[in-house]
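Biologist: I am new to this one. Please show me the structure, then let me ask about it.

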Amino acid sequence: MTIDWSWISGHTDDLTTLTISHLQAALSAVALGLLISLPLAVVAHRVRPLRGFLLGLSNVLFTIPSIAVFVLLLPVSGLTRTTTVIGLTIYTLVVLLRNTVEGLDSVPAKTKEAAKAMGTRPLRTLLTVEFPLALPVIMAGVRIATVMSISLVSVATYIGDGGLGQLFTDGFQRNFPTPVIAGVVLTLLLAVVADAALVALQYVLTPWRRRRA
């Protein structure tokens, strides 16, 4: 299997556009997944009867094949980027919700009691004590969800989106391996760079862990 380097050099603009589109879809899904998961995780953490239901529901959604999810969404949002983002968001929920709940569970009860004794209101305690201490576990979920979303964007090629996944379709249809290889390499690079960026972000957001180390 050989690579046609002239094809790559002649399609740098297309590769850049597809890479940006791929990343935008993945990051949009993770951001939306966080917006949904954070309040649901707080409910699951504090209302124990709902914990099993919410986590179980996210697990059930995760078992639906990705192509089936996109097809089911077509009558609602059509052949649009919205369909891609909603479909990917569904898959991020199982990771983000579970990790956020586990992160909140890991906050020591004595720490929350100390904040309460100081007169801190519950919402402020959640935002300034519980979420910061739960951040390492939450960020672990964000990293997994991000890499997973980057890998799944290509499936949206079946509905006319898919970012770098369009290179796979093009290469297979023409029996031309260069676009396929380029798509695989760029997808891997996106996943590695995104994960490294999130590690750096966590490092910046958790200065107390650096001091402890």
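Biologist: Which residues does UniProt list for "domain: ABC transmembrane type-1"?

Modeller: This is a predicted model, where local features need pLDDT of at least 70, side-chain atom pairs count only at pLDDT 80 or more, and totals for chains, interfaces and linings use all residues. Residues are numbered from 1 along each chain as its sequence is written, and side-chain values use heavy atoms, leaving out hydrogens and water. The UniProt entry is unreviewed, and for this domain it lists residues 19-197.

Biologist: How much of residues 19-197 is helix?

Modeller: The end C-alpha atoms of the span lie 17 Å apart.

Biologist: Why is H2 called oblique to H7?

Modeller: Helix H2 covers residues 12-46 and helix H7 residues 122-152. Their axes come within 10 Å and cross at roughly 140 degrees. Angles under 35 degrees count as roughly parallel, over 145 as roughly antiparallel, 65 to 115 as roughly perpendicular and the rest as oblique. Therefore H2 is oblique to H7.

Biologist: How many residues of the contact of H2 with H7 are nonpolar?

Modeller: Contact means heavy atoms within 4.5 Å. Among the residues making it are Leu34 and Val42 of H2, and Phe131 and Ile150 of H7. Two are charged, four are polar and the nonpolar ones number 13.

Biologist: Is Val137 buried, partly exposed or exposed?

Modeller: Val137 is found in helix H7 and touches Asn99, Glu102, Gly103 and Ser106, not counting residues up to four places away in sequence. Buried means under 20% relative accessible area, exposed over 50%, partly exposed in between (1.4 Å probe, protein chains only). Val137 has 27% relative accessibility, so it counts as partly exposed.

Key:
Axes fitted to C-alpha atoms, helices over the stretch in contact; angles between N-to-C directions. Helix = DSSP H or I, 4+ residues; strand = E, 2+ residues; numbered from the N terminus. Nonpolar A, V, L, I, M, F, W, Y, C, P; charged D, E, K, R; others polar. UniProt positions renumbered as here; feature names shortened; annotations may be inferred.
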